[in-house]
Amino acid sequence: MSSSESALAVELRGITKRFPGVVANADVNVAVRTGTVHALVGENGAGKSTLMKILYGMQRPDEGTISIDGTQGDFHTPADAIAVGIGMVHQHFMLADNLTVLENVVLGDEPRGGGGIDFKAARAKIKDISARYGLGVDPDRLVDELGVGERQRVEILKVLFRGARILILDEPTAVLVPQEVDELFGNLRELKAEGLTILFISHKLDEVLSVADDITVMRRGTTVASVAPGDVTARQLAELMVGSALPVPELRESTVTDTPVLEAEGLTVTSPDGRTVLEGMSVTINAGEVLGIAGVEGNGQAELVEALMGIRPLQAGRIALRGEDITKLSTRKRRDAGIGYIPEDRHRQGVLLEATLWENRILGHQTKAPSVRGLLLNRSGARADTQRIVDEYDVRTPNIDVLAGSLSGGNQQKLIVGREMSGNPVLLIASHPTRGVDVGAQAAIWEQIRKARAEQLAVLLISADLDELIGMSDSLAVILRGRLVASYDPKAVTPEELGSAMTGAGDGEES
Amino acid sequence: GGGDDSGAGGGGEGGLKIGLAYDIGGRGDQSFNDSAARGLDKAKQEFGIEATELEASQGETDAQKEDRLRQLAEGGYNPIIAVGFAYAGPLGKVAKDYPDVKFAIIDDYTPGTDDGPNIANLTFAEEQGSFLVGVAAALKSKTGNVGFVGGVNTPLIQKFEAGYQAGVKAVKPDATVQVKYLTQPPDFSGFNDPAKGETAANGMLDAGADVVYAAAGGSGSGVFRAAKDKGAMGIGVDSDQYNLPSLADVKDVIITSMVKSVDVAVYDFIKSVNDNQFKAGNKVYDLEAGGVQYATSGGKIDDITPRLEEYKQKIISGEIKVPSTT
Amino acid sequence: MGRISLRSVGLGLAAPVGALVFALLVCGVILSITGHQPFDVAEDMIGSLERPRTVANSLNSATTYYLSAVAVAIGFKMRLFNIGVDGQYRLAAMLAAALAGASFMESLPSVLRILMTILAAMLVGAIWSGIAGFLKVTRGVSEVISTIMLNAIATALVAFLLNPDRLAVTVAGSNNIGTAPITEGGQVPGIPYSGSSSDVFGLIVLAAVVGVAYWFMLNRTRFGFDLKATGESESAAVASGVNVKKMVLASMLLSGAVAGLVGMPQLLGASHSYSLDFPAGLGFTGIAIALLGRNHPIGMAFAAFLWGALDQTSNVLDLSGVPKEIVVIMQGVIVLSVVIAYELVRRYKLRLEQRDVGRALGTTKTPEEVQA
Amino acid sequence: MSASGLAVGVQETVAPPRRRTSPMIYFLLAIAALLVVSLVRVLTGAGNLTSSGTVAAALTAAVPIALAGLAGLWSERAGVINIGLEGMMVLGTFGAGLFGWQWGPWAGVLAGVVLGAVGGLIHAVATVTFGVDHIISGVAITLAAPGLTLFLAKLYFTDAPGGGQKQSPPIEDVPHVTIPGLSSVLADIEQQQWFFVSDLAGLLRGLTTDVSLLTLLAVVLFFVTAYVLWRTAFGLRLRSCGEAPHAAESLGVNVYKYKYAAITMSGALAGLGGAILAVASSQFRDGQTGGRGYIGLASMIFGNWRPGGVAAGAGLFGYTDAMQLRGEGAVHALLLLLGIALLVLAVVQLRAKRYVVAGVATVIGALFILWFALTDQVPPELVSAAPYVVTLLVLSLAAQRLRVPKWIGRTYRRGEGG
Ligand SMILES: Nc1ncnc2c1ncn2[C@@H]1O[C@H](COP(=O)(O)OP(=O)(O)OP(=O)(O)O)[C@@H](O)[C@H]1O
Ligand SMILES: Nc1ncnc2c1ncn2[C@@H]1O[C@H](COP(=O)(O)OP(=O)(O)OP(=O)(O)O)[C@@H](O)[C@H]1O
Ligand SMILES: [Mg+2]
Ligand SMILES: [Mg+2]
């Protein structure tokens, strides 16, 4: 450990934080040297975000002390943390969509002038920072119009705008493509060169090893190790995190047949403001095939999925399921025809947080046994089948009468996967099926997809996790600005190649 | 029925114990209910009697009205006075169960309430009084264009309109009468919205009217304000509005008022019971009985009182028959 | 499980009881400040409940309030705010009254006549609320605005129709105006209540039926599931295959149909004619009761009775010189404090539930156990 | 229940990239509208359509509604639905009655504002501190306020001269102002009945003649609101609480504080609206607000949560209300106006290839024109519905590009974000 060699920017000692039913942080100790990039790793729910929120004054620790540059601090609100030069970019973006970039950035620290906000000064300062770090942010755009990458940069700008000396980045790379990640790391190195201290959380261990100066590993709410990147491999790090080996996404032998299950032709979708978001896209998936779609978020994946599900109207195009035209069918009819759907945002589309597990079992299957009988609900049928899913998919819950909202995200996801697999679908549309899910659950979900594929299920897999895509797909396509621009053989492609195709820089080959 | 209603009944031993149930608005509405209150006050002073006043609430049912009357009857109040036609149904039922209690209802004489031997119906010939103020309006108007602002579009207020129209036309057959009701039932805010009254009156004045009759309860003050701003004339309703403290600042435009003497009716009724002279059935307070009249306070119509008296006599004699519907 | 259910029963009772006590306290303070005796007032009100008539009248008020609340609750369950129950029931009652009073109805058998009247009212209510539903799904017009506007338009329409040239008849000597009285065969007889001069509305049965149907619809049918799902998360419902537009239209129609019933107990059981003094504003009371009863079929029944009883016992206050508006204040405070109490209890329950989940899953381990 | 209601039917708004409509567009639209109205005026001879009297009355009628709408805007911009506006207005009318009667109209206005603010504060305690459903709290306040005021009115007003159980003694009015000279010149032009010119003169005269200081105050408040909410740090923070409170929190903004400020301000403005109503009517009366709080709420939604839109919504309502109160003739002419407006809309929609809307607009428009042509008068009972019908029609046919504050109706608790 080299922490004694230079001054400490941040020192967390004995931090404990309890939530009802959970000890999120238990006697956590972290020391961060000034002018370094310090990575924090750990599986889902290990307590990383909680710890950072405590450092940032968003939550109060039950026990423990925080020292900044050697001085002990007592942060009641983020304002206190901001005052001593701490800035935080949150795991989930903290942006107001209906405000402009400028408004989002200056919020809480507005330059004043002439009785109001000095917009001119603010604009100049934002442009200046944006130019200096190559963030390329236009202060007058509405955040609503921005893509994820741009939003990320706005978040960083917010922090820099306040002149933070200590930056906390909670999973900043989760939504970025490799090129964007490189850019971000370029920025981080530049910041470090200026003497800033960076605290950085990521699940991507390669990244961590490439950018961090020090690494702290958390498990189950406490710090289990502090290591230097030179001393460990990704594998060792992973084992420190979970206490066991990492699961690998991979398919075994090919099960692809030549019976097309999904045939979509010329799908065109326009957004409410008239932009074409999906342009003449054609997709075919055969029984037993997993088609992976790679792409930077916001290039039409959501629209493709929703168009297939009948949630979004088509301007043009035709969709057939097992040879039958379903273009004009409603979402319900499509589900009845055998489409299962794992949505990307489970809280928005996947579960009713305030309904019980067994009621959530019925959701999406309101027309099918065993949850209904004619026009009436079949409560006992639904309950029994929910119990089956809970058992088969290892949903961790005390019983099936708890509200879905009281399960962790991973367990909610397992319930959704179990539900969508029931009733033997012929096509599964899976959007980011393992997003934000810890390794155990991840392995379980992959296993279920493999099993169904072996039983001739066709799968459309959309994911931001390139390893998952490459490992789980039989064929791969890249989506860019509403079109499929390239196809790859997953056995032969590297994440880097995919990444450049996703940003439009690569040259995909037909396969 | 039966059970709990069998008790009580007859009046108190000493002085009378009067129960009075107001319509929505209650004592102090500077209008109809207030007039009843004045009659009660006068009787109280004169006969040294005891009285309890209850009041209706917005949107209540007949059952609540009935309950109100029953509570009075049970409480030994006698006589009991119901102010307003809305009490008609409930009163009919209650009166049957309390044959010894004397009841009076103001503004209603419908089958069901007229047959009770213990109910006095006190009704008014509003159209007759309105006729006379219509005559006054026509005589005072220089433009031959007058207005009528009704508070809420109900048959009762339509009676005022009918008489007023007839009065105007009697003097100037080709005169224009502009008519506006502020709200439609069950939105009774038209009796409570001077701003609406002012807007409506302004519209009439802009369209050439120079006298406006405000049969609009509390909204009248807006009508008078409009008249005052535009140098026009206004006619009040129910009581002699020239003398109302709440209208002191606009009183100089109020040339007359169609006085509906609810106070007289209430007082007379109490007196009749007090003197053991109660008479059931309809008592019409018309011009002849002095139940309706035009006010002369302020002296603005002194010049035309002879003409008005002339018409009044013709109505009393039956020579002119005033319509009660338009 | 036994422990949990005991706990939830206790918590379930804590909220309303605590709130009621709080509301009484507030009113007591107001009364004391203004120089009245809170205990005397309470005694008067409770005392008046000993009169059978007051109970019967409370039941009658509750019947109407309950129907109104169910109409509102159907919308609430899927986050539709039908402020228009008021206009819907008035228009429905007026037209149904005109139909029921029409002379050609006299020849029909009583049951058929009543049935037709009630169906007509439901139809009118549904059409009127359907306009708001239609505008919402086709044009995205907020139902809050459209129902406010439709209330006022209904008022004008009723006034227009309630005219001797159209659907109304005038009675000589009366200052009232209304539809032709419904003759005996078209009326619904009351249920005698021992000791009371007024009967209990026969249509209290209808209210009960509506309540059971509401419960059944919500908890036992696919439609009800879709309705609740839409209310809990529109986006999740859409993804599950619910056609939200159809649901909006359907639930607005349903809500309007129930709203159409609101005026029926009063019309067929007491007034027998729609006239100027037909009670107005019941739609707004319905909102308060639905909120108080938390859209729950039984909860709303209690709320409706509480409300009715408060209304009916208020008459007695004027007799003792206490402004009866204290009751309205009490109603407002009860709504607010009940809801605050529920919220506090809900948070507490959630914490308990999370703790249970945590305990069951063993995530509450200490760091030592983890490291082991 | 609660929250902002269902999004169904509302066209998703994606702000058109960087296309800011210039004020010139609005100006030209207004001119075009006035042209159509004056055309109809000439065709029908219904002078009331554009007379200064109508405009003045419209202004007076619009002010309390506009203030209620503005009140709603303050609250909802901070993320809290305020359906208690009606109740807060009632408190305002009572405050004005009680204090205005004894200490003059300005004291009354102040009292109305303070009482309204107290109502707002209660709403804030319930919704912000206790996380109560916003609708419930609002309904409870609307329910309790008239009860409380009546209770107190009986105590204070029953025996006062000119007062009663349900009304206060008279309140004096505040001064009214007229731009000297201008009014009479405009009056002359208005008299000429020239096409457009006279109509414009009528419009201007109505807006500059005999205007109550309270009306001016209301107008000023609209500009102040626009400035404070969109130009100052306070306003930015307040709006951010309605859009993304956790983002605001993460930047050190005390969300509770801003919500409290916004809702209290909301109550104060609603109270002001009520007080103005009472002062303009010379007294407090039970039931005086007559649903204006709800109409204000409607005008706020109509106005897309923007001050200019709220003013337009309240203005439209005030205008049609004034017109219907001032004489039936104008409402009859309104049929023609609506008919023409609908046909214009049909053409616009046709060009945008929205055939269904265009078709419906054409049919309804033709029906209105037919109704106009075949009758001399709208039945008086129906006339009173004019403002509501017009508002509903405008709303139904205008595209619903509403942008609701994102966090509206939802509970915010510190430390639960991210
Ligand atoms: N506000 C809260 N209330 C209750 N429990 C919470 C709260 N926030 C976090 N937790 C719990 O604390 C634990 C740690 O959560 P935290 O978000 O810090 O994990 P994390 O390490 O950031 O995970 P991830 O990798 O998924 O972001 C979780 O088990 C979660 O259940
Ligand atoms: N703000 C909060 N309030 C209450 N409980 C919370 C809160 N945030 C998280 N939790 C609880 O923490 C647990 C899971 O939270 P956490 O965010 O760590 O899960 P996760 O596995 O990371 O899933 P996700 O990817 O959806 O965040 C659940 O029990 C949830 O109810
Ligand atoms: Mg998480
Ligand atoms: Mg985290």
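Let's start with a sheet in chain B: six strands form an open sheet in the order β7-β6-β8-β9-β10-β12, with mixed pairing. Keep in mind that this is a predicted model.

- Going from one strand to the next, the twist averages 15°.
- Inside this sheet, you can look at β8 (residues 211–215) and β9 (residues 233–238) of chain B, which pair in the parallel sense over 3 bridges.
- To find your place in that pairing, look for Val211(B), which stands opposite Met233(B) in β9(B).
- As background, strands of a sheet pair through backbone hydrogen bonds, and they do so either parallel or antiparallel.

**Which chains touch**
- Chains A and B do not touch, and their nearest C-alpha atoms are 38 Å apart.

**Where chain D meets chain C**
- This contact takes 53 residues from chain D and 58 residues from chain C.
- Together the two chains bury about 4700 Å², and carbon and sulfur atoms give 77% of that area.
- The interface of chain D and chain C has 2 salt bridges, and one of them joins Arg166(C) to Glu381(D), with the closest N and O atoms 3.9 Å apart.
- There are also 4 residue pairs in polar contact across the interface of chain D and chain C.
- On the side of chain D that touches chain C, α5(D) gives the most, with 13 residues.
- By class, that side of chain D has 38 nonpolar, 12 polar and 3 charged residues.

**Where chain A meets chain C**
- Here 41 residues of chain A are in contact with 33 residues of chain C.
- Chain A and chain C bury about 3200 Å² between them, with 61% of it on carbon and sulfur atoms.
- The count of salt bridges between chain A and chain C is 2; one of them links Lys228(C) and Glu359(A), whose closest N and O atoms are 3.9 Å apart.
- The interface of chain A and chain C also has 12 residue pairs in polar contact.
- Several elements of chain A give two or more residues to the side that touches chain C, including β2 (22–33), β12 (222–227) and α12 (357–362).
- The residues on that side of chain A divide into 19 nonpolar, 13 polar and 9 charged.

Key: Residues are numbered from 1 along each chain as its sequence is written. Chains are lettered from A and ligands numbered from 1 in the order in which they are written. This is a predicted model: local features need pLDDT of at least 70, side-chain atom pairs count only at pLDDT 80 or more; totals for chains, interfaces and linings use all residues. Side-chain values use heavy atoms; hydrogens and water are left out. Contact means heavy atoms within 4.5 Å. Buried area is the accessible area (1.4 Å probe) that two parts lose on being put together, summed over both. A salt bridge is a side-chain nitrogen of Lys or Arg within 4 Å of a carboxyl oxygen of Asp or Glu. A polar contact is a pair of N or O atoms within 3.5 Å; within protein, one must be able to donate a hydrogen and the other to accept it, and residues adjacent in sequence count only if both atoms are side-chain atoms. Helices (H or I, at least four residues) and strands (E, at least two) are DSSP runs, numbered from the N terminus. Ala, Val, Leu, Ile, Met, Phe, Trp, Tyr, Cys and Pro count as nonpolar, Asp, Glu, Lys and Arg as charged, and the others, Gly among them, as polar. Two strands pair if DSSP finds at least two bridges between them. Axes are lines fitted to C-alpha atoms, for helices over the stretch in contact, and angles run from 0 to 180 degrees between N-to-C directions.
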